[in-house]
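Thanks for coming. I will take one structure and go through a few of its parts in turn.

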Amino acid sequence: MGDTAEVADVTDIAPARDFDIVLVLSGGNALGAFEVGVYQALHEHGLYPDWIVGTSIGAINGALIAGSRREHRLDVLRTFWRPNDYGWGTADTSWFPVAMDTARRTVAASWTLAAGRSGIFGPLLSSMSPWTANEPSLFETDQLRETMDRLVDFDILNAGPCRFTATAVDLATGDDVVFDTRHKTLDARHIRASAALPVAFPPVEIDGRWLVDGGLSANLPLDPVLADPSPRPALVMAVDLLPLGQPLPLTIGEAAGRMQDLIFAAQSRRTIERWTMAHAARDDVSIALLRIAYTEQVEEVAAKAMDFSGPTVAQRWKAGYAAVMPMLDRMRDETLQIGKPGLNIVETA
(Lines give C-alpha, C1' and ligand atoms only; values in the text may rest on other atoms or scores of the structure.)
Protein backbone atom coordinates (compact mmCIF):
# COMPACT_ATOMS: atom_id res chain seq x y z
CA MET A 1 0.00 0.00 0.00
CA GLY A 2 2.98 2.30 0.41
CA ASP A 3 3.03 2.58 -3.37
CA THR A 4 -0.30 4.44 -3.30
CA ALA A 5 -1.06 6.13 0.03
CA GLU A 6 0.44 6.11 3.49
CA VAL A 7 -1.05 3.71 6.03
CA ALA A 8 -3.11 5.59 8.59
CA ASP A 9 -2.08 4.96 12.19
CA VAL A 10 -5.65 4.84 13.50
CA THR A 11 -8.16 2.34 14.78
CA ASP A 12 -11.64 1.80 13.37
CA ILE A 13 -13.72 4.92 14.00
CA ALA A 14 -17.04 3.22 13.41
CA PRO A 15 -16.81 -0.45 14.41
CA ALA A 16 -20.55 -0.46 15.15
CA ARG A 17 -22.93 2.01 13.56
CA ASP A 18 -26.63 2.67 13.31
CA PHE A 19 -26.53 3.90 9.70
CA ASP A 20 -25.75 2.48 6.28
CA ILE A 21 -22.80 3.53 4.15
CA VAL A 22 -23.55 3.88 0.45
CA LEU A 23 -20.68 4.46 -1.98
CA VAL A 24 -21.67 5.99 -5.34
CA LEU A 25 -18.88 5.83 -7.95
CA SER A 26 -18.91 7.88 -11.14
CA GLY A 27 -17.41 7.23 -14.55
CA GLY A 28 -14.12 8.67 -15.78
CA ASN A 29 -12.05 5.78 -17.18
CA ALA A 30 -8.43 6.12 -15.93
CA LEU A 31 -9.47 8.78 -13.41
CA GLY A 32 -11.08 5.94 -11.47
CA ALA A 33 -7.86 5.43 -9.50
CA PHE A 34 -9.10 8.35 -7.38
CA GLU A 35 -12.09 6.21 -6.31
CA VAL A 36 -9.75 3.46 -5.17
CA GLY A 37 -7.96 5.91 -2.86
CA VAL A 38 -11.31 6.92 -1.36
CA TYR A 39 -12.19 3.29 -0.76
CA GLN A 40 -8.80 2.52 0.79
CA ALA A 41 -9.27 5.26 3.38
CA LEU A 42 -12.71 3.93 4.28
CA HIS A 43 -11.42 0.36 4.39
CA GLU A 44 -8.57 1.19 6.77
CA HIS A 45 -11.03 2.90 9.13
CA GLY A 46 -13.48 0.01 9.17
CA LEU A 47 -16.10 1.90 7.16
CA TYR A 48 -17.11 -0.90 4.81
CA PRO A 49 -19.89 0.01 2.35
CA ASP A 50 -23.26 -1.67 2.69
CA TRP A 51 -24.16 -0.74 -0.88
CA ILE A 52 -22.06 0.31 -3.89
CA VAL A 53 -23.62 1.94 -6.94
CA GLY A 54 -21.38 2.55 -9.94
CA THR A 55 -21.31 3.36 -13.61
CA SER A 56 -18.52 2.86 -16.14
CA ILE A 57 -15.18 2.70 -14.29
CA GLY A 58 -17.20 3.18 -11.10
CA ALA A 59 -19.05 -0.06 -11.84
CA ILE A 60 -15.74 -1.82 -12.46
CA ASN A 61 -14.25 -0.55 -9.18
CA GLY A 62 -17.48 -1.33 -7.35
CA ALA A 63 -17.56 -4.90 -8.62
CA LEU A 64 -13.92 -5.45 -7.64
CA ILE A 65 -14.73 -4.25 -4.11
CA ALA A 66 -18.13 -5.88 -3.56
CA GLY A 67 -17.04 -9.06 -5.32
CA SER A 68 -14.06 -9.73 -3.05
CA ARG A 69 -13.56 -10.77 0.55
CA ARG A 70 -12.75 -7.76 2.70
CA GLU A 71 -9.22 -8.90 3.44
CA HIS A 72 -8.49 -9.25 -0.30
CA ARG A 73 -10.12 -6.08 -1.63
CA LEU A 74 -7.08 -3.78 -1.69
CA ASP A 75 -4.91 -6.46 -3.29
CA VAL A 76 -7.56 -7.01 -5.98
CA LEU A 77 -7.71 -3.29 -6.68
CA ARG A 78 -3.91 -3.07 -6.93
CA THR A 79 -3.88 -6.00 -9.34
CA PHE A 80 -6.37 -4.24 -11.60
CA TRP A 81 -4.85 -0.74 -11.43
CA ARG A 82 -1.16 -1.76 -11.34
CA PRO A 83 0.18 1.43 -9.69
CA ASN A 84 3.75 0.05 -9.96
CA ASP A 85 3.42 -0.38 -13.71
CA TYR A 86 5.24 2.85 -14.38
CA GLY A 87 6.35 2.37 -17.95
CA TRP A 88 9.41 4.33 -16.75
CA GLY A 89 11.07 1.44 -14.99
CA THR A 90 10.44 2.00 -11.28
CA ALA A 91 11.14 5.74 -11.47
CA ASP A 92 9.48 8.22 -9.15
CA THR A 93 8.40 11.08 -11.44
CA SER A 94 7.17 13.44 -8.71
CA TRP A 95 10.34 15.54 -9.10
CA PHE A 96 9.75 16.14 -12.82
CA PRO A 97 9.37 19.78 -13.93
CA VAL A 98 5.79 20.63 -14.92
CA ALA A 99 6.52 20.65 -18.65
CA MET A 100 8.29 17.30 -18.46
CA ASP A 101 5.49 15.67 -16.47
CA THR A 102 2.89 17.09 -18.87
CA ALA A 103 4.82 15.50 -21.72
CA ARG A 104 5.00 12.19 -19.83
CA ARG A 105 1.23 12.20 -19.24
CA THR A 106 0.50 13.13 -22.85
CA VAL A 107 2.73 10.36 -24.17
CA ALA A 108 1.08 7.87 -21.78
CA ALA A 109 -2.41 8.86 -22.92
CA SER A 110 -1.38 8.73 -26.57
CA TRP A 111 0.10 5.28 -26.07
CA THR A 112 -3.15 4.04 -24.53
CA LEU A 113 -5.13 5.49 -27.44
CA ALA A 114 -2.95 3.49 -29.84
CA ALA A 115 -2.18 0.32 -27.90
CA GLY A 116 -5.13 0.06 -25.51
CA ARG A 117 -4.89 -0.93 -21.86
CA SER A 118 -4.19 -4.62 -21.34
CA GLY A 119 -6.79 -6.24 -19.16
CA ILE A 120 -9.43 -3.66 -20.10
CA PHE A 121 -9.49 -2.90 -23.82
CA GLY A 122 -7.47 -3.77 -26.91
CA PRO A 123 -5.49 -1.67 -29.40
CA LEU A 124 -7.02 0.95 -31.66
CA LEU A 125 -9.35 -0.59 -34.29
CA SER A 126 -9.08 -3.99 -32.59
CA SER A 127 -12.87 -4.41 -32.58
CA MET A 128 -13.17 -3.90 -36.34
CA SER A 129 -11.86 -7.33 -37.29
CA PRO A 130 -14.37 -8.87 -37.36
CA TRP A 131 -16.76 -5.93 -37.11
CA THR A 132 -20.45 -6.74 -36.78
CA ALA A 133 -23.30 -4.34 -37.47
CA ASN A 134 -24.26 -4.30 -33.80
CA GLU A 135 -20.83 -3.56 -32.35
CA PRO A 136 -19.19 -0.58 -34.07
CA SER A 137 -16.29 0.70 -31.97
CA LEU A 138 -12.63 1.58 -31.97
CA PHE A 139 -11.50 -0.83 -29.24
CA GLU A 140 -12.54 -4.29 -28.07
CA THR A 141 -13.42 -5.02 -24.43
CA ASP A 142 -13.46 -8.81 -24.44
CA GLN A 143 -10.43 -8.73 -22.16
CA LEU A 144 -12.38 -6.68 -19.61
CA ARG A 145 -14.81 -9.59 -19.35
CA GLU A 146 -11.87 -11.96 -18.83
CA THR A 147 -10.38 -9.67 -16.17
CA MET A 148 -13.68 -9.43 -14.30
CA ASP A 149 -14.10 -13.20 -14.42
CA ARG A 150 -10.61 -13.59 -12.97
CA LEU A 151 -10.68 -10.93 -10.25
CA VAL A 152 -14.33 -10.82 -9.17
CA ASP A 153 -15.93 -13.62 -7.16
CA PHE A 154 -19.45 -13.39 -8.57
CA ASP A 155 -20.85 -15.61 -5.81
CA ILE A 156 -19.71 -12.98 -3.30
CA LEU A 157 -20.87 -10.13 -5.55
CA ASN A 158 -24.39 -11.54 -5.84
CA ALA A 159 -24.87 -12.93 -2.36
CA GLY A 160 -22.26 -11.21 -0.20
CA PRO A 161 -22.67 -8.54 2.49
CA CYS A 162 -22.37 -5.57 0.10
CA ARG A 163 -25.25 -4.85 -2.27
CA PHE A 164 -24.05 -3.86 -5.75
CA THR A 165 -25.73 -1.85 -8.50
CA ALA A 166 -24.46 -0.97 -11.97
CA THR A 167 -26.17 1.36 -14.43
CA ALA A 168 -26.28 1.37 -18.23
CA VAL A 169 -28.26 2.90 -21.10
CA ASP A 170 -30.29 1.12 -23.79
CA LEU A 171 -28.60 2.14 -27.04
CA ALA A 172 -31.80 1.82 -29.08
CA THR A 173 -34.33 3.50 -26.76
CA GLY A 174 -32.18 5.69 -24.53
CA ASP A 175 -33.81 4.18 -21.44
CA ASP A 176 -31.85 3.94 -18.20
CA VAL A 177 -31.08 0.35 -17.19
CA VAL A 178 -30.26 -0.62 -13.60
CA PHE A 179 -28.68 -3.93 -12.63
CA ASP A 180 -28.95 -4.69 -8.91
CA THR A 181 -27.79 -7.80 -7.08
CA ARG A 182 -30.86 -7.50 -4.86
CA HIS A 183 -33.07 -8.25 -7.88
CA LYS A 184 -30.87 -10.00 -10.47
CA THR A 185 -27.84 -12.27 -10.70
CA LEU A 186 -25.04 -10.28 -12.31
CA ASP A 187 -22.00 -11.43 -14.25
CA ALA A 188 -19.15 -9.83 -16.18
CA ARG A 189 -21.45 -8.82 -19.06
CA HIS A 190 -23.29 -6.35 -16.84
CA ILE A 191 -20.04 -4.67 -15.77
CA ARG A 192 -18.81 -4.54 -19.34
CA ALA A 193 -22.12 -3.01 -20.50
CA SER A 194 -21.94 -0.30 -17.86
CA ALA A 195 -18.51 0.72 -19.17
CA ALA A 196 -19.31 0.52 -22.91
CA LEU A 197 -18.76 4.16 -23.89
CA PRO A 198 -19.56 4.78 -27.56
CA VAL A 199 -17.70 5.18 -29.93
CA ALA A 200 -14.65 3.89 -28.11
CA PHE A 201 -16.10 0.64 -26.79
CA PRO A 202 -18.67 -1.77 -28.28
CA PRO A 203 -22.19 -2.04 -26.88
CA VAL A 204 -23.03 -5.23 -24.99
CA GLU A 205 -26.11 -7.34 -25.63
CA ILE A 206 -28.03 -8.53 -22.55
CA ASP A 207 -31.50 -10.07 -22.76
CA GLY A 208 -32.00 -8.79 -26.30
CA ARG A 209 -31.00 -5.19 -25.54
CA TRP A 210 -27.81 -3.47 -26.69
CA LEU A 211 -26.43 -1.50 -23.78
CA VAL A 212 -23.85 1.24 -23.39
CA ASP A 213 -22.16 3.33 -20.68
CA GLY A 214 -24.51 4.51 -17.93
CA GLY A 215 -22.50 7.72 -17.59
CA LEU A 216 -24.16 9.03 -20.75
CA SER A 217 -27.35 9.48 -18.73
CA ALA A 218 -26.02 10.03 -15.21
CA ASN A 219 -22.27 9.94 -14.70
CA LEU A 220 -22.78 10.17 -10.93
CA PRO A 221 -25.46 7.47 -10.51
CA LEU A 222 -27.36 8.78 -7.49
CA ASP A 223 -30.85 7.98 -8.78
CA PRO A 224 -30.93 4.30 -7.65
CA VAL A 225 -30.07 5.42 -4.10
CA LEU A 226 -32.30 8.48 -3.82
CA ALA A 227 -35.34 7.28 -5.78
CA ASP A 228 -36.32 4.71 -3.16
CA PRO A 229 -34.43 5.50 0.06
CA SER A 230 -34.54 3.21 3.05
CA PRO A 231 -35.97 4.54 6.32
CA ARG A 232 -32.68 3.54 7.96
CA PRO A 233 -30.25 6.52 8.15
CA ALA A 234 -27.60 6.52 5.43
CA LEU A 235 -24.32 8.26 4.70
CA VAL A 236 -24.09 8.48 0.92
CA MET A 237 -20.58 9.20 -0.35
CA ALA A 238 -20.73 10.22 -4.00
CA VAL A 239 -17.32 10.16 -5.65
CA ASP A 240 -17.30 12.49 -8.67
CA LEU A 241 -14.31 12.25 -11.02
CA LEU A 242 -15.01 15.23 -13.28
CA PRO A 243 -14.83 18.71 -11.72
CA LEU A 244 -17.45 21.42 -12.16
CA GLY A 245 -15.11 24.32 -11.40
CA GLN A 246 -11.62 24.63 -12.96
CA PRO A 247 -9.34 27.41 -14.30
CA LEU A 248 -10.09 28.83 -17.73
CA PRO A 249 -8.58 26.72 -20.55
CA LEU A 250 -5.67 28.25 -22.43
CA THR A 251 -5.29 25.77 -25.32
CA ILE A 252 -7.57 23.86 -27.68
CA GLY A 253 -6.70 20.66 -25.83
CA GLU A 254 -7.59 22.18 -22.47
CA ALA A 255 -10.85 23.51 -23.93
CA ALA A 256 -11.77 20.03 -25.17
CA GLY A 257 -11.03 18.53 -21.76
CA ARG A 258 -12.99 21.27 -20.03
CA MET A 259 -16.01 20.62 -22.27
CA GLN A 260 -15.99 16.98 -21.13
CA ASP A 261 -15.81 18.05 -17.49
CA LEU A 262 -18.74 20.44 -17.82
CA ILE A 263 -21.01 17.98 -19.62
CA PHE A 264 -20.70 15.34 -16.93
CA ALA A 265 -20.22 17.52 -13.84
CA ALA A 266 -23.32 19.57 -14.69
CA GLN A 267 -25.28 16.32 -14.67
CA SER A 268 -24.17 15.72 -11.10
CA ARG A 269 -25.14 19.22 -9.96
CA ARG A 270 -28.62 18.98 -11.48
CA THR A 271 -29.19 15.51 -10.01
CA ILE A 272 -28.26 16.66 -6.51
CA GLU A 273 -30.42 19.80 -6.80
CA ARG A 274 -33.39 17.76 -8.06
CA TRP A 275 -33.26 15.24 -5.24
CA THR A 276 -32.62 17.90 -2.61
CA MET A 277 -35.90 19.56 -3.60
CA ALA A 278 -37.73 16.22 -3.85
CA HIS A 279 -36.78 15.21 -0.29
CA ALA A 280 -36.93 18.67 1.30
CA ALA A 281 -40.23 18.09 3.12
CA ARG A 282 -39.76 14.41 3.96
CA ASP A 283 -39.29 13.27 7.51
CA ASP A 284 -39.43 9.54 6.76
CA VAL A 285 -35.93 9.38 5.29
CA SER A 286 -32.55 10.38 6.66
CA ILE A 287 -29.73 10.79 4.15
CA ALA A 288 -26.44 12.62 4.61
CA LEU A 289 -25.01 13.19 1.12
CA LEU A 290 -21.29 13.88 0.82
CA ARG A 291 -19.90 14.63 -2.64
CA ILE A 292 -16.20 13.77 -2.82
CA ALA A 293 -14.88 15.41 -5.99
CA TYR A 294 -11.57 14.98 -7.75
CA THR A 295 -10.92 18.70 -8.04
CA GLU A 296 -7.12 18.94 -8.02
CA GLN A 297 -6.63 18.36 -11.72
CA VAL A 298 -4.23 21.16 -12.66
CA GLU A 299 -1.56 18.61 -13.60
CA GLU A 300 -3.92 16.52 -15.73
CA VAL A 301 -3.80 16.64 -19.54
CA ALA A 302 -6.64 16.88 -22.05
CA ALA A 303 -6.66 13.11 -22.64
CA LYS A 304 -6.50 12.42 -18.90
CA ALA A 305 -9.11 9.65 -19.07
CA MET A 306 -6.64 7.60 -21.12
CA ASP A 307 -3.57 8.10 -18.91
CA PHE A 308 -3.18 4.77 -17.09
CA SER A 309 0.54 5.25 -16.40
CA GLY A 310 1.79 4.10 -13.01
CA PRO A 311 2.88 7.51 -11.66
CA THR A 312 -0.47 9.06 -12.60
CA VAL A 313 -2.47 6.18 -11.14
CA ALA A 314 -0.49 6.50 -7.89
CA GLN A 315 -1.04 10.28 -7.77
CA ARG A 316 -4.80 9.94 -8.27
CA TRP A 317 -4.98 7.13 -5.72
CA LYS A 318 -3.26 9.34 -3.10
CA ALA A 319 -5.54 12.27 -3.98
CA GLY A 320 -8.63 10.13 -3.37
CA TYR A 321 -7.22 8.94 -0.05
CA ALA A 322 -6.57 12.53 1.06
CA ALA A 323 -9.94 13.81 -0.14
CA VAL A 324 -11.91 11.65 2.29
CA MET A 325 -9.86 12.63 5.36
CA PRO A 326 -11.96 15.70 6.31
CA MET A 327 -15.03 13.46 6.52
CA LEU A 328 -13.18 10.95 8.71
CA ASP A 329 -12.02 13.77 10.99
CA ARG A 330 -15.61 14.92 11.42
CA MET A 331 -16.74 11.38 12.19
CA ARG A 332 -14.02 11.19 14.84
CA ASP A 333 -15.10 14.39 16.56
CA GLU A 334 -18.79 13.57 16.01
CA THR A 335 -19.57 16.76 14.08
CA LEU A 336 -20.67 14.92 10.94
CA GLN A 337 -24.42 14.97 11.37
CA ILE A 338 -25.93 11.67 10.27
CA GLY A 339 -29.54 10.92 11.13
CA LYS A 340 -31.24 14.25 10.44
CA PRO A 341 -34.56 13.93 8.57
CA GLY A 342 -34.58 14.55 4.83
CA LEU A 343 -31.69 14.82 2.37
CA ASN A 344 -28.84 16.83 3.87
CA ILE A 345 -25.78 17.96 1.93
CA VAL A 346 -22.68 17.38 4.07
CA GLU A 347 -19.91 19.96 3.93
CA THR A 348 -16.41 18.98 5.08
CA ALA A 349 -14.42 22.16 4.51
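By a pocket I mean an open set of grid points where a 1.4 Å probe fits, with protein on both sides within 12 Å along at least five of seven lines. The model on the screen is a predicted one.

Let me start with the second largest pocket. How much space lies in it? About 560 Å³. The lining of this pocket is made of 33 residues, and N29, L197, Q260, A305 and M306 are the ones closest to its centre. By class, 22 of the lining residues are nonpolar, nine are polar and two are charged.

Which helix gives the largest share of that lining? That is α9, with five residues. Helix α9 covers 252-278, and both α9 and α2, which covers 57-66, supply at least two residues each.

Helix α2 brings me to the next topic, its packing against α1. Two packed helices are described by the angle between their axes and the distance between the axes. Here, helix α1 runs over residues 33-44, and its axis comes within 10 Å of the axis of α2. The two axes cross at roughly 35°, and the crossing is right-handed. Which residues meet there? From α1 they are E35, V36 and Y39, and from α2 they are I57, G58, N61 and I65. Sorted by class, this contact has four nonpolar residues, two polar and one charged.

Now the strands. Strand β3, residues 163-170, pairs with strand β4, residues 176-180. In which sense do they pair, and over how many bridges? The sense is antiparallel, and there are five bridges. To give you a position to look for, T167 stands opposite V178 in β4. The hairpin of β3 and β4 has five residues between the strands, and in this hairpin G174 takes a positive phi near 80°.

You will find R82 in the loop between α3, at 73-81, and α4, at 98-115.

The other detail is a peptide bond. Is the bond from P198 to V199 cis or trans? It is cis, with omega near 0°. V199 sits in the loop that lies between α7, at 188-194, and β5, at 204-206.

Notes: Residues are numbered from 1 along each chain as its sequence is written. This is a predicted model: local features need pLDDT of at least 70, side-chain atom pairs count only at pLDDT 80 or more; totals for chains, interfaces and linings use all residues. Side-chain values use heavy atoms; hydrogens and water are left out. Two strands pair if DSSP finds at least two bridges between them. Helices (H or I, at least four residues) and strands (E, at least two) are DSSP runs, numbered from the N terminus. On a 1 Å grid over the protein atoms alone, a cavity is a set of points where a 1.4 Å probe fits but cannot get out, and a pocket is an open set with protein on both sides within 12 Å along at least five of seven lines; lining residues have an atom within 4 Å of a point. Grid points are joined across faces, edges and corners, and a volume is the space filled by probe spheres set on the points. Ala, Val, Leu, Ile, Met, Phe, Trp, Tyr, Cys and Pro count as nonpolar, Asp, Glu, Lys and Arg as charged, and the others, Gly among them, as polar. Axes are lines fitted to C-alpha atoms, for helices over the stretch in contact, and angles run from 0 to 180 degrees between N-to-C directions. A crossing is left-handed if the near helix is turned anticlockwise from the far one by less than a right angle, and right-handed if clockwise. Contact means heavy atoms within 4.5 Å.
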